[in-house]
Amino acid sequence: MRLAIASGKGGTGKTTVATCLASLLAESGQKVTYIDCDAEEPNGHLILNPVIGEIRSVDVNVVSVDEKVCTGCGKCCRACQFHALACVGESVTTFPQLCHSCGACALVCPADAIVEIPQRRGIIREGHVGELAFMGGEMSVGEESVTPIIRALKELVPEEGISILDAPPGTACPAVETMRGADKVTLITEPTPFGLNDLKLAVETVKALGLPASVVINRCDIGTGETLDYCRQEGLEILLEIPNDREVAEAYSAGTLPTTAVPGFRETMMILVDRVAEWAREPART
(Lines give C-alpha, C1' and ligand atoms only; values in the text may rest on other atoms or scores of the structure.)
Protein backbone atom coordinates (compact mmCIF):
# COMPACT_ATOMS: atom_id res chain seq x y z
CA MET A 1 0.00 0.00 0.00
CA ARG A 2 1.20 3.47 -0.88
CA LEU A 3 0.07 6.16 1.54
CA ALA A 4 0.88 9.77 0.70
CA ILE A 5 1.12 12.13 3.67
CA ALA A 6 0.43 15.61 2.33
CA SER A 7 -0.68 19.08 3.41
CA GLY A 8 -2.05 22.19 1.78
CA LYS A 9 0.59 24.34 3.47
CA GLY A 10 3.92 24.00 5.21
CA GLY A 11 4.38 23.85 8.96
CA THR A 12 1.39 21.65 9.77
CA GLY A 13 3.45 18.76 11.18
CA LYS A 14 3.39 16.60 8.07
CA THR A 15 6.91 15.22 8.43
CA THR A 16 6.43 14.72 12.18
CA VAL A 17 3.39 12.54 11.49
CA ALA A 18 4.97 10.74 8.52
CA THR A 19 8.22 9.81 10.30
CA CYS A 20 6.50 8.75 13.53
CA LEU A 21 3.94 6.69 11.59
CA ALA A 22 6.59 4.94 9.51
CA SER A 23 8.77 4.21 12.54
CA LEU A 24 5.93 2.79 14.64
CA LEU A 25 4.60 0.67 11.76
CA ALA A 26 8.06 -0.85 11.31
CA GLU A 27 8.31 -1.51 15.05
CA SER A 28 4.98 -3.36 14.92
CA GLY A 29 6.40 -5.85 12.42
CA GLN A 30 5.17 -4.30 9.18
CA LYS A 31 7.45 -4.06 6.15
CA VAL A 32 7.67 -0.29 5.75
CA THR A 33 9.53 2.17 3.53
CA TYR A 34 9.64 5.88 4.31
CA ILE A 35 10.14 8.05 1.20
CA ASP A 36 10.97 11.74 1.62
CA CYS A 37 9.64 13.29 -1.59
CA ASP A 38 10.21 16.87 -0.46
CA ALA A 39 13.45 16.97 -2.43
CA GLU A 40 13.62 20.78 -2.35
CA GLU A 41 13.74 20.88 1.46
CA PRO A 42 14.31 17.31 2.69
CA ASN A 43 14.32 16.87 6.45
CA GLY A 44 13.03 13.36 7.12
CA HIS A 45 16.62 12.13 7.47
CA LEU A 46 17.22 14.67 10.25
CA ILE A 47 14.49 13.04 12.34
CA LEU A 48 15.07 9.38 11.47
CA ASN A 49 18.90 9.50 11.27
CA PRO A 50 19.14 6.60 8.79
CA VAL A 51 22.28 4.65 7.96
CA ILE A 52 22.80 5.46 4.27
CA GLY A 53 23.92 2.52 2.18
CA GLU A 54 23.65 3.90 -1.35
CA ILE A 55 23.48 7.28 -3.10
CA ARG A 56 22.07 7.39 -6.63
CA SER A 57 22.39 10.20 -9.13
CA VAL A 58 19.18 11.41 -10.80
CA ASP A 59 19.98 12.41 -14.37
CA VAL A 60 17.68 13.62 -17.12
CA ASN A 61 18.37 14.19 -20.80
CA VAL A 62 18.14 17.86 -21.80
CA VAL A 63 17.99 19.25 -25.29
CA SER A 64 20.92 20.61 -27.26
CA VAL A 65 21.10 21.59 -30.93
CA ASP A 66 23.89 20.65 -33.33
CA GLU A 67 24.32 23.95 -35.16
CA LYS A 68 26.34 22.28 -37.93
CA VAL A 69 23.34 20.33 -39.21
CA CYS A 70 20.47 22.56 -38.02
CA THR A 71 18.58 24.10 -40.96
CA GLY A 72 16.73 26.69 -38.87
CA CYS A 73 13.30 25.44 -39.92
CA GLY A 74 11.81 26.22 -36.47
CA LYS A 75 9.80 23.01 -36.15
CA CYS A 76 11.47 22.11 -32.85
CA CYS A 77 10.56 25.47 -31.30
CA ARG A 78 6.94 25.14 -32.34
CA ALA A 79 6.76 21.59 -30.98
CA CYS A 80 8.12 22.46 -27.52
CA GLN A 81 5.30 23.25 -25.10
CA PHE A 82 7.71 24.23 -22.33
CA HIS A 83 9.60 26.98 -24.20
CA ALA A 84 12.93 25.20 -23.80
CA LEU A 85 13.85 26.26 -27.35
CA ALA A 86 13.59 29.67 -29.00
CA CYS A 87 14.14 30.44 -32.68
CA VAL A 88 15.95 33.67 -33.45
CA GLY A 89 16.26 34.05 -37.19
CA GLU A 90 17.72 30.76 -38.40
CA SER A 91 19.43 29.88 -35.10
CA VAL A 92 17.98 28.01 -32.14
CA THR A 93 18.64 28.95 -28.52
CA THR A 94 18.09 26.32 -25.83
CA PHE A 95 17.08 26.68 -22.18
CA PRO A 96 18.03 23.36 -20.50
CA GLN A 97 16.39 24.35 -17.19
CA LEU A 98 12.99 24.35 -18.93
CA CYS A 99 13.47 21.05 -20.76
CA HIS A 100 11.06 18.27 -19.69
CA SER A 101 12.83 15.58 -21.75
CA CYS A 102 9.64 14.81 -23.65
CA GLY A 103 11.44 14.22 -26.97
CA ALA A 104 8.96 16.19 -29.10
CA CYS A 105 11.66 18.41 -30.60
CA ALA A 106 13.78 15.44 -31.70
CA LEU A 107 10.71 13.75 -33.17
CA VAL A 108 9.86 16.62 -35.51
CA CYS A 109 13.39 17.68 -36.47
CA PRO A 110 13.91 16.80 -40.18
CA ALA A 111 17.70 17.19 -39.97
CA ASP A 112 18.33 15.10 -36.84
CA ALA A 113 19.98 18.15 -35.28
CA ILE A 114 18.59 17.57 -31.79
CA VAL A 115 21.03 16.06 -29.30
CA GLU A 116 20.08 14.98 -25.76
CA ILE A 117 22.73 15.55 -23.08
CA PRO A 118 22.51 13.97 -19.59
CA GLN A 119 22.21 16.53 -16.81
CA ARG A 120 22.23 15.82 -13.09
CA ARG A 121 19.12 17.06 -11.30
CA GLY A 122 19.75 15.64 -7.83
CA ILE A 123 20.43 12.54 -5.78
CA ILE A 124 18.54 9.78 -3.98
CA ARG A 125 19.76 8.41 -0.66
CA GLU A 126 18.81 4.88 0.35
CA GLY A 127 19.34 3.41 3.78
CA HIS A 128 17.61 2.04 6.82
CA VAL A 129 16.69 2.80 10.43
CA GLY A 130 16.54 -0.60 12.08
CA GLU A 131 13.83 -2.46 10.17
CA LEU A 132 12.53 0.72 8.52
CA ALA A 133 13.72 1.26 4.95
CA PHE A 134 14.55 4.88 4.04
CA MET A 135 14.67 6.74 0.73
CA GLY A 136 15.04 10.47 0.26
CA GLY A 137 15.60 12.80 -2.67
CA GLU A 138 17.65 15.98 -2.74
CA MET A 139 17.57 18.53 -5.52
CA SER A 140 20.84 19.92 -6.91
CA VAL A 141 21.56 23.58 -6.18
CA GLY A 142 20.37 25.77 -9.03
CA GLU A 143 17.87 23.32 -10.48
CA GLU A 144 14.32 24.50 -11.12
CA SER A 145 12.26 21.31 -11.40
CA VAL A 146 12.00 18.75 -8.60
CA THR A 147 9.51 16.42 -10.29
CA PRO A 148 12.18 14.26 -12.03
CA ILE A 149 13.59 13.39 -8.61
CA ILE A 150 10.14 12.51 -7.26
CA ARG A 151 9.47 10.30 -10.30
CA ALA A 152 12.82 8.56 -9.80
CA LEU A 153 11.99 7.99 -6.13
CA LYS A 154 8.61 6.48 -6.97
CA GLU A 155 10.22 4.08 -9.45
CA LEU A 156 12.21 2.64 -6.53
CA VAL A 157 9.22 2.15 -4.23
CA PRO A 158 8.92 -1.57 -3.42
CA GLU A 159 5.80 -3.44 -4.52
CA GLU A 160 5.42 -5.16 -1.15
CA GLY A 161 4.71 -3.68 2.25
CA ILE A 162 3.60 -0.19 3.25
CA SER A 163 5.21 2.83 1.63
CA ILE A 164 4.84 6.21 3.37
CA LEU A 165 5.38 9.01 0.84
CA ASP A 166 6.15 12.29 2.63
CA ALA A 167 4.95 14.83 0.06
CA PRO A 168 6.13 18.42 -0.43
CA PRO A 169 3.71 20.97 1.05
CA GLY A 170 1.11 22.71 -1.08
CA THR A 171 -0.83 21.69 -4.16
CA ALA A 172 1.67 22.45 -6.94
CA CYS A 173 3.34 19.96 -9.30
CA PRO A 174 5.70 18.34 -6.73
CA ALA A 175 2.85 17.49 -4.36
CA VAL A 176 0.63 16.28 -7.19
CA GLU A 177 3.41 14.08 -8.58
CA THR A 178 3.94 12.54 -5.14
CA MET A 179 0.24 11.80 -4.63
CA ARG A 180 -0.37 10.47 -8.14
CA GLY A 181 -0.55 6.68 -8.04
CA ALA A 182 -1.00 6.46 -4.26
CA ASP A 183 -3.66 4.20 -2.79
CA LYS A 184 -4.68 6.75 -0.17
CA VAL A 185 -3.83 10.31 0.84
CA THR A 186 -3.83 11.59 4.42
CA LEU A 187 -3.84 15.37 4.73
CA ILE A 188 -2.28 17.01 7.78
CA THR A 189 -3.87 20.30 8.75
CA GLU A 190 -4.29 22.69 11.67
CA PRO A 191 -7.53 24.41 12.79
CA THR A 192 -6.61 27.95 11.75
CA PRO A 193 -8.09 30.11 8.96
CA PHE A 194 -4.97 29.59 6.82
CA GLY A 195 -4.94 25.88 7.61
CA LEU A 196 -8.58 25.46 6.63
CA ASN A 197 -8.19 27.45 3.43
CA ASP A 198 -5.24 25.35 2.30
CA LEU A 199 -6.93 22.12 3.41
CA LYS A 200 -9.79 22.93 1.04
CA LEU A 201 -7.31 23.41 -1.82
CA ALA A 202 -5.62 20.10 -0.98
CA VAL A 203 -8.93 18.24 -0.80
CA GLU A 204 -9.92 19.54 -4.25
CA THR A 205 -6.54 18.43 -5.61
CA VAL A 206 -6.96 14.93 -4.18
CA LYS A 207 -10.48 14.77 -5.64
CA ALA A 208 -9.11 15.72 -9.07
CA LEU A 209 -6.67 12.81 -8.79
CA GLY A 210 -9.53 10.46 -7.90
CA LEU A 211 -7.96 9.36 -4.62
CA PRO A 212 -9.56 8.68 -1.23
CA ALA A 213 -8.59 11.30 1.36
CA SER A 214 -8.54 11.41 5.15
CA VAL A 215 -7.40 14.04 7.63
CA VAL A 216 -5.19 14.40 10.70
CA ILE A 217 -5.78 17.62 12.65
CA ASN A 218 -2.60 18.73 14.39
CA ARG A 219 -2.60 21.25 17.24
CA CYS A 220 -6.32 20.58 17.45
CA ASP A 221 -6.84 22.81 20.49
CA ILE A 222 -5.49 26.09 19.09
CA GLY A 223 -8.35 27.04 16.75
CA THR A 224 -12.06 26.80 16.07
CA GLY A 225 -14.39 23.99 15.09
CA GLU A 226 -14.69 25.15 11.48
CA THR A 227 -12.15 22.56 10.33
CA LEU A 228 -14.14 19.77 11.98
CA ASP A 229 -17.35 21.06 10.38
CA TYR A 230 -15.73 21.18 6.94
CA CYS A 231 -14.41 17.62 7.25
CA ARG A 232 -17.84 16.35 8.24
CA GLN A 233 -19.51 18.19 5.38
CA GLU A 234 -17.04 16.67 2.91
CA GLY A 235 -17.32 13.19 4.41
CA LEU A 236 -13.62 13.14 5.27
CA GLU A 237 -12.52 10.62 7.88
CA ILE A 238 -10.68 12.35 10.73
CA LEU A 239 -8.07 9.77 11.67
CA LEU A 240 -6.50 11.60 14.58
CA GLU A 241 -6.59 14.86 16.52
CA ILE A 242 -3.23 15.81 18.05
CA PRO A 243 -3.20 18.40 20.87
CA ASN A 244 -0.73 21.27 20.81
CA ASP A 245 2.36 20.24 22.80
CA ARG A 246 5.53 22.31 23.13
CA GLU A 247 7.53 19.16 23.93
CA VAL A 248 6.68 17.69 20.53
CA ALA A 249 7.99 20.82 18.81
CA GLU A 250 11.13 20.76 20.93
CA ALA A 251 11.79 17.10 20.12
CA TYR A 252 11.30 17.74 16.39
CA SER A 253 13.61 20.78 16.49
CA ALA A 254 16.27 18.66 18.21
CA GLY A 255 16.05 15.99 15.51
CA THR A 256 14.38 13.42 17.77
CA LEU A 257 11.26 11.37 17.12
CA PRO A 258 8.55 12.68 19.46
CA THR A 259 7.30 9.11 19.91
CA THR A 260 10.51 8.32 21.80
CA ALA A 261 11.02 11.67 23.54
CA VAL A 262 7.54 12.83 24.61
CA PRO A 263 5.54 10.84 27.17
CA GLY A 264 2.13 9.86 25.84
CA PHE A 265 2.79 10.84 22.21
CA ARG A 266 3.49 7.25 21.19
CA GLU A 267 0.09 6.18 22.50
CA THR A 268 -1.57 9.02 20.58
CA MET A 269 0.12 8.02 17.32
CA MET A 270 -0.80 4.34 17.78
CA ILE A 271 -4.39 5.26 16.89
CA LEU A 272 -3.16 6.25 13.44
CA VAL A 273 -0.81 3.25 13.21
CA ASP A 274 -3.68 0.83 13.85
CA ARG A 275 -5.87 2.50 11.20
CA VAL A 276 -3.13 2.36 8.56
CA ALA A 277 -2.46 -1.29 9.41
CA GLU A 278 -6.17 -1.95 8.77
CA TRP A 279 -5.90 -0.30 5.36
CA ALA A 280 -2.89 -2.46 4.51
CA ARG A 281 -4.99 -5.58 5.07
CA GLU A 282 -7.73 -4.39 2.70
CA PRO A 283 -7.82 -5.64 -0.91
CA ALA A 284 -5.89 -3.46 -3.33
CA ARG A 285 -7.84 -0.56 -4.85
CA THR A 286 -8.59 -0.92 -8.58
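Student: Why is Cys109 called buried?

Tutor: Cys109 has a relative accessible area of 14%. Buried means under 20%, exposed over 50% and partly exposed in between (1.4 Å probe, protein chains only). The value of 14% is under 20%, so Cys109 is buried. Keep in mind that this is a predicted model: local features need pLDDT of at least 70, side-chain atom pairs count only at pLDDT 80 or more, and totals for chains, interfaces and linings use all residues. Residues are numbered from 1 along each chain as its sequence is written, and side-chain values use heavy atoms, without hydrogens or water.

Student: How do you know that Cys77 and Cys87 form a disulfide?

Tutor: Their sulfur atoms lie 2.2 Å apart. A disulfide is a pair of cysteine sulfur atoms within 2.5 Å. The pair therefore qualifies. The structure holds one disulfide.

Student: What makes this disulfide right-handed?

Tutor: The torsion about the S-S bond of Cys77 and Cys87 is about 95°, so the disulfide is right-handed.

Student: Which parts does the pair tie together?

Tutor: Cys77 sits in helix H3 and Cys87 in strand E4, so parts that are ten residues apart in sequence are tied together. Helices (H or I, at least four residues) and strands (E, at least two) are DSSP runs, numbered from the N terminus.

Student: Are Cys77 and Cys87 buried or partly exposed?

Tutor: Cys77 is buried at 14% relative accessible area. Cys87 has 34% relative accessibility, so it counts as partly exposed.

Student: What makes E4 and E5 a pair of strands?

Tutor: Four bridges join strand E4 (residues 85–88) to strand E5 (residues 91–94). Two strands pair if DSSP finds at least two bridges between them. E4 and E5 have four, so they pair. They run antiparallel, and Ala86 stands opposite Thr93 in E5. The two strands form a hairpin with two residues between them. Gly89 in the turn has a positive phi of about 65°.

Student: Which residues are closest to the centre of the largest cavity?

Tutor: Of its 16 lining residues, Cys80, Cys99, Ser101, Cys102 and Cys105 are the closest. The volume of this cavity is about 100 Å³. Helix H3 (75–79) and helix H4 (104–108) each supply at least two lining residues.

Student: What of the second largest cavity?

Tutor: It holds about 90 Å³ of space. It is lined by 14 residues, with Cys70, Gly72, Cys73, Cys76 and Cys109 closest to its centre.

Student: Where is the centre of the largest pocket?

Tutor: Gly11, Thr12, Gly13, Thr16 and Tyr252 lie nearest that centre, among 25 lining residues. The largest pocket has a volume of about 470 Å³. Helix H1 (14–27) and helix H9 (246–253) each give at least two residues to its lining.

Terms used
On a 1 Å grid over the protein atoms alone, a cavity is a set of points where a 1.4 Å probe fits but cannot get out, and a pocket is an open set with protein on both sides within 12 Å along at least five of seven lines; lining residues have an atom within 4 Å of a point. Grid points are joined across faces, edges and corners, and a volume is the space filled by probe spheres set on the points.
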